[in-house]
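My notes follow in the order I took them.

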Amino acid sequence: MFTIEDFDIKLNTKFVGRNFIYAQNVSSTNSYLSEQNKNLENGSVALSEFQTDGKGRLKRSWYSNEGENLTFSILLNDHIEKLNLNHLNLATSLAVSSSIENLYQLKTDLKWPNDVLINNKKVSGILLESSTKGSDIEKVIIGIGINVNQTKFDGDFNIQPTSIKHEMRKSISREKLLSEVLNTFEELLFELKNDSKKLLNRWRDKCGTIGERISIEHNGESKHG
Ligand code: BTN
């Protein structure tokens, strides 16, 4: 059970999450926000206890046990015409990783472009979707999945999953974590608009793959470098 009052009392933002939509079950919180016909407020957040068709990057799916984790999306639709979406991706992963580190003193690493890892296992993924009008960005939906209290993961994964509970060996308050992520996200969004260099340097410091040898698979081809 997610207690909105416990989340709300810790929310310290000007606009992110001030309009909060809580659902038991949607296909995907990203799709839910993008399908809303009425103009939702800038910074609206939709959280669902379960997604029947949760989406991941590269057309993968994102499965999350009901009521155990955080699956939510943030809508930005104001003053974002010239926002750099790559930077926004990095700012989002930084917000998630800093929140986990600050609340639980767990060391996290970032893996390009936006996976958050603990001990080389994936604790969070981000899916950013946008729509444009001409060359201007009109709307961005930032979908965030964080494995919080799930401890068993079935299936095939390109990176082994973990959760905060698994790493901490204790149950975690989803309300406290969500408010921390949104508070930090809004701070970083302001920072991104004012001084993106500072934010990029912070991201580089946390990026686990810089300087390492890596392999990537692209169009069925493996490349190493
Ligand atoms: C990835 O690592 O592949 C990105 C996963 C993103 C999952 C989140 S859960 C909330 C939001 N709704 C979705 O359908 N996907 C994102």
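I looked up D115 and K122, and both are buried. The two form a salt bridge, and I read 3.0 Å between the closest N and O atoms. I note that the model is a predicted one.

Next I took the total: the structure holds 8 salt bridges.

I then went to K107, which forms a salt bridge with D109. The closest N and O atoms of K107 and D109 are 3.0 Å apart. I checked accessibility on each side. K107 has a relative accessible area of 57%, so I put it down as exposed. D109 comes to 22% relative accessibility and therefore counts as partly exposed; the cut-off for buried is under 20%.

I have R202 as partly exposed, at 35% relative accessible area. E191 is buried, at 16%.

I find α5 (residues 174–194) packed against α6 (residues 196–206) at an angle of about 120 degrees, the axes being 6 Å apart. The angle makes α5 oblique to α6. On the α5 side I listed L188, E191, L192 and N194, which meet S196, K198, L199 and R202 of α6. Sorted by class, the contact has 3 nonpolar, 2 polar and 3 charged residues.

Conventions:
Residues are numbered from 1 along each chain as its sequence is written. This is a predicted model: local features need pLDDT of at least 70, side-chain atom pairs count only at pLDDT 80 or more; totals for chains, interfaces and linings use all residues. Side-chain values use heavy atoms; hydrogens and water are left out. Axes are lines fitted to C-alpha atoms, for helices over the stretch in contact, and angles run from 0 to 180 degrees between N-to-C directions. Helices (H or I, at least four residues) and strands (E, at least two) are DSSP runs, numbered from the N terminus. Angles under 35 degrees count as roughly parallel, over 145 as roughly antiparallel, 65 to 115 as roughly perpendicular and the rest as oblique. Contact means heavy atoms within 4.5 Å. Ala, Val, Leu, Ile, Met, Phe, Trp, Tyr, Cys and Pro count as nonpolar, Asp, Glu, Lys and Arg as charged, and the others, Gly among them, as polar. A salt bridge is a side-chain nitrogen of Lys or Arg within 4 Å of a carboxyl oxygen of Asp or Glu. Buried means under 20% relative accessible area, exposed over 50%, partly exposed in between (1.4 Å probe, protein chains only).
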